[in-house]
Amino acid sequence: MKSFIEYEENSDFSIYNIPFGVGIFSDDEIACVTRIGDTVINLAVLYDQGYFDEFNLGENVFEAFTLNEFISLGKSVTVPVREHIQKLLLEGSELSKDEETQLEAFHNIEKVSMQLPVHVPNYTDFYSSIEHATNVGKMFRDPDNALLPNWKHLPVGYHGRASSIVVSGTPIYRPKGQTMPPNADKPVFGPSQRLDFELEMAFITNSYTDLGETISTTEAEDHIFGMVLFNDWSARDVQKWEYVPLGPFLAKNFGSSISPWIVTLEALDPFRVNGPEQEPEVLPYLKYEGKKNFDIHLQTLIQPENGEENLICTSNFKYMYWNMAQQLAHHTVNGCNLEVGDMYASGTISGKTEDSFGSMLELTWSGSKPLKLNDGSERKFIEDNDTVIMRGWCEKDGIRIGFGEVSGKILPAKD
Ligand code: CA
């Protein structure tokens, strides 16, 4: 496939991607958009010019602050609409000759302010990387029994906070909280001293289901619109003191950052791979068929203020022990209902090697092995004015698609 819009060979936003997002343009107009190379395309303009007339979309679903309405149309509509957009962007298409529409609809990415792509009614965070769960279990609990007895039988998760999910580029204030210093007999209050990132990805659902309804692993992907990069900021010192017995609370809910472009499952389809073998055998409702994991290269970088980027972690989404279909089947097996725009994060994605660990907690082994940055400084955890950047992409047979990046700068705690 060749587009009439030029882009660099290694662009995440090739003609094979066609992701969806929401952008604000220089005239303060807001609309649903797609992107190819560095060109952002206002889909609301294409709608007004009749380019989606063959679809029964009703009103202009792209003239909106979020993608919720569009994605709620379901895959029977969104999949052919995406394929149609892809065709419109090919050499020789009607749009390629329509300079008037191009002038109105096409914007350079530098001139567009990307927004949160969906309104997120609910957020769930899983804990589905066996390497991460094992590493954390060793540090927080017992090195000899790192995985708790339930871990290989169900995708462990908890309900997070949707209100503090922010788009890439939004600064995060260092959280304050209660911690119990080592050897102290009572807790203290102050800014977290062990602020961390978690390298994750999240999927977004496209439907409302009824209470009592369950979704099988076979049906699950019909309910998943696409994926984003997800940084689940975590205050390890707060977490360690507060998490017993009900799990994470204030250590996690002060902010989670996502990349602005939702990459669809259809774009990711060529990059499917088998997941790790699951032993012991899972219960019937968690069994699945086919390739449900995806080969997505992941990176985390730290950029100190006015400094250069330091690559500190190289991981891959394919390491996930539990896949998205199993996560959604488990989430609904009790009759819990889905909503359009819900976000389901994977949990930290660590690989087997020390340079593939998806958090500072693991990379520095709880601060005992600081990382050295290019400027000579050391990091045990994330410091004020550090920016954490995560990138993700797929590459195979000369075809590349990607997520771009999610970045977030840590500001000093607010007074
Ligand atoms: Ca997490």
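Reader: Is Glu200 buried or exposed, and what is its relative accessible area?

Author: The model is a predicted one. Glu200 is a donor of the calcium ion through OE. Buried means under 20% relative accessible area, and Glu200 falls in that class because its value is 0%.

Reader: Which residue forms a salt bridge with Arg236, and how far apart are the closest N and O atoms?

Author: The structure holds 20 salt bridges. One of them links distant parts of the chain, from Arg236 in helix H7 (residues 236–242) to a residue in strand E12 (residues 195–196), 40 residues apart. The partner is Asp196, with the closest N and O atoms 2.8 Å apart.

Reader: Are Arg379 and Asp386 buried or exposed?

Author: The side chains of Arg379 and Asp386 meet in a salt bridge, 2.7 Å from N to O. Arg379 has a relative accessible area of 5%, so Arg379 is buried. Asp386 has a relative accessible area of 2%, so Asp386 too is buried.

Reader: What is the distance between the closest N and O atoms in the salt bridge of Glu395 with Arg400?

Author: Glu395 is partly exposed because its relative accessible area is 43%. Arg400 counts as buried because its relative accessibility is 18%. The closest N and O atoms of this pair are 3.7 Å apart.

Reader: Which residues do salt bridges that share partners join into one network?

Author: The bridge of Glu395 with Arg400 has its closest N and O atoms 3.7 Å apart. Elsewhere, salt bridges that share partners make one network, joining Asp196, Glu198, Arg236 and Lys252.

Reader: Which residues gather in the patch of negative charge on the surface?

Author: Asp27 is one of them. Asp27 lies in the loop between strand E1 (21–24) and strand E2 (30–36), and is exposed because its relative accessible area is 55%. The patch gathers Asp27, Asp28, Glu29, Asp48, Glu59, Glu63, Glu69, Glu100 and Glu104.

Reader: How many Å separate the C-alpha atoms of Thr209 and Asn337?

Author: Thr209 lies in the loop between strand E13 (199–205) and strand E14 (224–231). Thr209 counts as buried because its relative accessibility is 6%. Thr209 and Asn337 are 128 residues apart in sequence, and their C-alpha atoms are 5.1 Å apart.

Reader: How many Å apart in space are Gln299 and Val45, C-alpha to C-alpha?

Author: Gln299 belongs to strand E20 (residues 297–303). Gln299 counts as buried because its relative accessibility is 17%. Gln299 and Val45 are 254 residues apart in sequence, and from C-alpha to C-alpha they are 35 Å apart.

Reader: What is omega for the peptide bond from Val244 to Pro245, and for that from Glu279 to Pro280?

Author: Pro245 is in the loop between H7 and strand E16 (256–258). Pro280 is in the loop between strand E18 (272–273) and strand E19 (293–294). Val244 to Pro245 is a cis bond with omega near -5°, and Glu279 to Pro280 is a cis bond with omega near 5°.

Reader: What is phi of Asn385?

Author: Asn385 is in the loop between strand E24 (378–379) and strand E25 (387–396). Asn385 counts as partly exposed because its relative accessibility is 22%. Its phi is positive, in a residue other than glycine, and is near 70°.

Definitions and conventions
Residues numbered from 1 in each chain as written. Predicted model: local features only at pLDDT ≥ 70, side-chain atom pairs only at ≥ 80, totals over all residues. Heavy atoms only, no water. Donors = N, O, S within 2.8 Å, 3.2 Å for Na, K, Ca; no water. Buried < 20%, exposed > 50% of the residue type's maximum accessible area, 1.4 Å probe, protein only. Patch = residues over 30% accessible without salt bridge, like charges linked within 9 Å, V, L, I, M, F, W, Y side chains within 5 Å. Areas by Shrake-Rupley, 256 points an atom, 1.4 Å probe, with all protein chains shown as cover. Salt bridge = Lys/Arg side-chain N within 4 Å of Asp/Glu carboxyl O. Lys, Arg positive; Asp, Glu negative; His and termini not counted. Charge placed at Lys NZ, Arg CZ, Asp CG, Glu CD. Helix = DSSP H or I, 4+ residues; strand = E, 2+ residues; numbered from the N terminus.
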